[in-house]
Amino acid sequence: MLRLLFTFAAIGFSLFLASCNTLSKEECVAADWRVIGESDGAAGYEPQERFAAHAKSCERVKIVPDQTIWYQGYQAGLVRYCTPMSGLMHGQAGHGYSNVCPPVAAAGFLRGYTLGNRQHSLQSRLSSLQSDYGSKEAEIDDLSRKLKDAPDADRHDIRRRMDDLEDDMRRIRREQRDVEDELDDASAEVQWFQQNPNAAPPVMPGY
């Protein structure tokens, strides 16, 4: 039994190591480091960490990545990454930003990223509220069924719990309406940005 556990542990550790590798052994052997660098740059990876991870992955087959060629590709890919629309897309997806864009492109990227990230955060918050509301609604339904057959000693506590849940649901509905209003505003800003990605944001009345 102990031997079997060691076998499973070894397999699990091997799978963990494999999941940490950025490149397979076959990819290391056949690597076009410029293409790999361009792909990494276009994804917005932090360059030192990403290249070090490739080097670590390829140690298994004694391949040393060509850092100069990789970095040339990385810079080319970064040009595609550091655009306003790319910033919007990555923000909407909830991706992190590793501060890799050069100053000349960072402002446009971050305008899009900030808008997209705000929209993503609001959508996530709305989904969380909806899930919370649904859970409390299901609990009330369950308590309602229990109440029918509950002994008199328990009925007061069940009703009190149902009242607390209904108070929570009213609070959630109020918060949900506020988040929906914010999300509508954020979506309108995103729509304007998509049509004018390189323009300065409009000045709102009263600002």
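**Exercise 1. Find what share of the chain's contacts with a separation of 6 or more comes from residues 24 or more positions apart.**

Step 1. Read off the share: residues 24 or more positions apart make up 73% of the contacts with a separation of 6 or more.

The model is predicted, and local features need pLDDT of at least 70, side-chain atom pairs count only at pLDDT 80 or more, while totals for chains, interfaces and linings use all residues. Residues are numbered from 1 along each chain as its sequence is written, and side-chain values use heavy atoms, with hydrogens and water left out.

**Exercise 2. Describe the secondary structure of the chain.**

Step 1. Helices (H or I, at least four residues) and strands (E, at least two) are DSSP runs, numbered from the N terminus.
Step 2. The chain has eight helices and zero strands.
Step 3. Along the sequence this reads α-α-α-α-α-α-α-α.

**Exercise 3. State how many disulfides the structure holds, and how the cysteines pair.**

Step 1. A disulfide is a pair of cysteine sulfur atoms within 2.5 Å.
Step 2. Searching the whole structure gives two disulfides.
Step 3. With the bonded cysteines numbered in sequence order, the pairing is 1-2, 3-4.

**Exercise 4. Characterise the disulfide of Cys 28 and Cys 58.**

Step 1. The sulfur atoms of Cys 28 and Cys 58 lie 2.0 Å apart.
Step 2. The link is left-handed, with -85 degrees about the S-S bond.
Step 3. It connects distant parts of the chain: Cys 28 belongs to helix α2 (residues 25-29) and Cys 58 to helix α4 (residues 47-58), 30 residues apart.
Step 4. Buried means under 20% relative accessible area, exposed over 50%, and partly exposed in between (1.4 Å probe, protein chains only).
Step 5. Cys 28 counts as buried because its relative accessibility is 2%. Cys 58 is buried too, at 0%.

Note on methods: Contact = heavy atoms within 4.5 Å.
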